[in-house]
Amino acid sequence: MVEQLIQILQAMTVVHERFNEQAVRKEEIIKKGNIEGLEQIMKEESPFIQKLRKLENARQTVIRQWMEDKNIFEEEVTMAHLLPLFPESEREQLHYWQQRLMTEIHTLKKQNDLNHQLLEDSLRFVNFSIDVMSPKTPFSSYSHDGRNEDFEDKEGSGPSLFDSKA
């Protein structure tokens, strides 16, 4: 049963390594503003997500079974609580793979936070660009006698996107 748990932790580590590779690719794609590339990577991640769900379910099942075998009936038990209960040789391997997995998870979180910030910055830039290009005053309308109703006696009242005369 412990071998099963070690194999699951190893597999979870490998999946997180792949997620980390994808997250670094996402950073470059976000910097380039390549929306199609970002969508493609997200599609490529779908099998990883499914595999990780299966591995997590398997991990929980193995842990639950091991706990029942050892007559441990606690809720919300972490590996830190369980490690001392394993024999020394198994404990070392479990601890090693637990630490490797945690390292990959933390690396992924940091990269995802960076990517999130890059996306936020890109969105702010797009919104700023739209605001700069949008007129601050409503478009003028002309009255039936040809006078400009909105800008009558208001010349120089605000910045204009275009400086033109008819």
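A nonpolar core is a set of buried Ala, Val, Leu, Ile, Met, Phe, Trp, Tyr and Cys residues joined through side-chain atoms within 4.5 Å. Buried means under 20% relative accessible area, exposed over 50%, and partly exposed in between (1.4 Å probe, protein chains only). The model is predicted: local features need pLDDT of at least 70, side-chain atom pairs count only at pLDDT 80 or more, and totals for chains, interfaces and linings use all residues. Residues are numbered from 1 along each chain as its sequence is written, and side-chain values use heavy atoms, with hydrogens and water left out.

The protein chain holds 4 helices and 0 strands. Helices (H or I, at least four residues) and strands (E, at least two) are DSSP runs, numbered from the N terminus. The order of elements is α-α-α-α. Of the 166 residues, 27% are buried. Contact means heavy atoms within 4.5 Å. Among contacts with a separation of 6 or more, 63% join residues 24 or more positions apart. The protein chain exposes about 12,400 Å², and carbon and sulfur atoms supply 54% of this area (Shrake-Rupley method, 1.4 Å probe; for residues, only the protein chains shown count as cover).

The largest nonpolar core has 24 residues. Within this core, L5, W66, F86 and L94 touch the most other members. Helix 1 (2-32), helix 2, helix 3 (79-82) and helix 4 each give two or more residues to the core. The largest share, 9 residues, comes from helix 1. Leaving out residues up to four places away in sequence, W66 touches M1, V2, I72, L82, L85 and F86. Another core, of 5 residues, lies apart from the largest one and includes I30, L38, I41 and L118.

Helix 4 has 46 residues. N115 counts as buried because its relative accessibility is 4%. Beyond its neighbours within four places in sequence, N115 contacts A23, K26, E27 and I30.

A nonpolar surface patch is formed by F125, V126, F128, I130, V132 and M133, with about 620 Å² of accessible area together. Patches are made of residues with over 30% relative accessible area and no salt bridge; like charges are joined within 9 Å, nonpolar side chains (Val, Leu, Ile, Met, Phe, Trp, Tyr) within 5 Å. V132, in helix 4, is partly exposed at 46% relative accessibility.

The whole structure contains 10 salt bridges (a side-chain nitrogen of Lys or Arg within 4 Å of a carboxyl oxygen of Asp or Glu). R100 pairs with E17, with the closest N and O atoms 2.7 Å apart. This pair links distant parts of the chain, since R100 in helix 4 and E17 in helix 1 are 83 residues apart. R25 forms a salt bridge with E44 at 3.0 Å between the closest N and O atoms. R25 lies in helix 1 and E44 in helix 2, so the pair ties together parts that are 19 residues apart in sequence. The R91 and E88 side chains also meet in a salt bridge (3.0 Å, N to O). R91 and E88 are separated by about one helical turn because they are 3 residues apart in helix 4. Salt bridges with shared partners join E27, E28 and K31 into one network.

Terms used
The expected span of a helix is 1.5 Å times one less than its number of residues.
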